[in-house]
Amino acid sequence: MLDRAATGAARTAPEAAPVEQDRECYRFPSRFLWGAATASHQVEGNNRHNDWWQFEEAGRLPHRSGQACRHYERYESDFELARSLGHNAHRLSLEWSRIEPEPGVWDETELEHYASVIAALRARGIEPVVTLHHFTSPAWFARGGGWTRPDSVALFARYAARVAQRLAGEVRFWLTINEPTVYVKHAYVTGDWPPCRPGAWGSAARALLHLSRAHVAAYRLLHSVRPDVMVGLAHSAPFVTACNPASWLDRSAARMRDFALNDLVFRLLGVRPVATLDFIGINYYARQVVRSRFGSVRTMLFGTECHEDHHGAPRSFTPMGWEIYAPGLRQVLRRFQRYGVPLMVTENGIATTDETSREAYLNSHLQALGQAVEDGIPVLGYLYWTLMDNYEWTEGRDARFGLMAVDFDTQERTVRPTARILQKACRDNSVDREPLAGVSSACRAHSRAYGR
Ligand code: FCB
């Protein structure tokens with residue numbers, strides 16, 4: 001455990017203070033942030049100036065983001081729905097390619113658009129949590145080599161400075177980069193995301209280094225404009241474990257994978273990572289059970305995922321093949337606590353059309369979150385992924401993560417029963433220790449009683 005005073009944990013927000021225990025429920029700190037997360041390209045629509053749009057236009061995928069959820073125009077009514085569901089926080093990302101569609105050319109109307117989006121949240125009592133980069137980059141930036149280009153950090157810093165000057169006054173919580181390791185893996189290792197360069201290990205390393213430096217630069221810029229901002233990055237934190245703990249090979253593959261996915265990016269932040277982290281955003285979805293496999297360099301080093309059922313309790317997987325493992329959320333929160341700064345769950349959710357599974361997923365993860373808070377882990381908030389069904393990258397519109405269903409022909413939103421579970425947590429600032437069976441109907445009845 002690091003020395004908290006020495007690591008800058010003096011910045012710990014009052015929101016993360018410990019809470020009294022209750023026999024019936026897990027209680028959360030006052031001012032705990034409850035809400036949902038989104039990302040610009042996945043919801044706004046018509047993000048024509050970024051690399052993903054170009055990727056889609058090149059016909060590399062069976063689908064296109066197109067109008068997405070038309071959230072760019074519909075944000076007021078979407079936030080009204082979030083408010084009616086009791087949310088007091090909302091994570092969104094800014095689309096760099098809108099703000100700087102050509103190098104050094106700033107579109108002030110887009111900056112004003114985001115100022116209005118943030119004002120719309122504030123007007124509803126919803127705390128904005130703003131991401132500067134969520135996977136998409138301006139097409140011009142990507143054409144010049146994207147995150148591998150030597151000037152990538154300076155270019156991102158120029159964008160961050162512009163944004164900080166205009167928006168930092170209204171936004172306290174910032175996430176600089178979303179999931180650097182996931183981005184680098186898909187872009188340069190598996191190569192299924194733009195710029196689609198499978199096996200480009202050197203580029204992967206360079207891009208990850210630049211993303212880490214971009215975080216540091218943005219952290220400093222935001223603090224120079226507004227000293228009391230809380231700046232972090234959104235880290236994808238799978239719970240990684242060995243398939244056969246008695247096997248040295250499995251253990252070492254799991255260790256290597258865990259290092260690459262959960263440690264490396266923090267090492268790249270410098271000798272004292274927390275010097276540039278006021279909190280850490282934790283995106284948690286799944287457990288990865290790893291076994292070693294001779295084959296390619298990748299599988300030898302990092303193993304492959306075992307989906308078999310020989311690890312004790314029966315396992316279940318989402319339709320995307322991600323293992324549902326709620327205790328992992330408590331584990332990863334405990335693990336990242338060692339950095340000595342508060343944590344925020346900045347994504348957690350399930351893609352399914354089966355509402356019973358979604359309810360069970362949310363309930364079990366809220367339990368794990370409650371246990372983590374009771375363990376004394378300083379957690380600032382919980383943001384479900386995602387507010388509404390969206391354009392889910394290579395899965396297109398098939399992966400339905402939303403608290404609200406979206407009919408993409410009519411753009412109609414329908415609140416799903418699971419949203420009521422989160423609504424209850426938001427309203428009570430607590431989670432029952434043993435959620436009732438058939439909780440959706442119980443919650444529906446409950447929320448009717450509260451006039452929603
Ligand atoms: C995360 C991404 C988010 C969404 C969810 C399902 O890795 O940050 O945009 O795709 O997964």
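In strand β12 (residues 379–385), Y382 is the bridge partner of V345. This is a predicted model, in which local features need pLDDT of at least 70, side-chain atom pairs count only at pLDDT 80 or more, and totals for chains, interfaces and linings use all residues. Residues are numbered from 1 along each chain as its sequence is written, and side-chain values use heavy atoms, with hydrogens and water left out.

V345 belongs to β11, and there it stands opposite I282. Strand β8 (residues 280–283) pairs with β11 in the parallel sense over four bridges, while β11 and β12 pair in the parallel sense over two bridges. Two strands count as paired if DSSP finds at least two bridges between them. Helices (H or I, at least four residues) and strands (E, at least two) are DSSP runs, numbered from the N terminus. Strand β11 (residues 343–347) has five of its five residues buried, that is, under 20% relative accessible area with a 1.4 Å probe, protein chains only.

E347 is buried at 4% relative accessible area, and R91 is buried at 0%.

Another salt bridge joins R358 and E355 at 2.9 Å, N to O. Both residues lie in helix α13, three residues apart, about one turn of the helix.

Conventions: Buried < 20%, exposed > 50% of the residue type's maximum accessible area, 1.4 Å probe, protein only. Salt bridge = Lys/Arg side-chain N within 4 Å of Asp/Glu carboxyl O.
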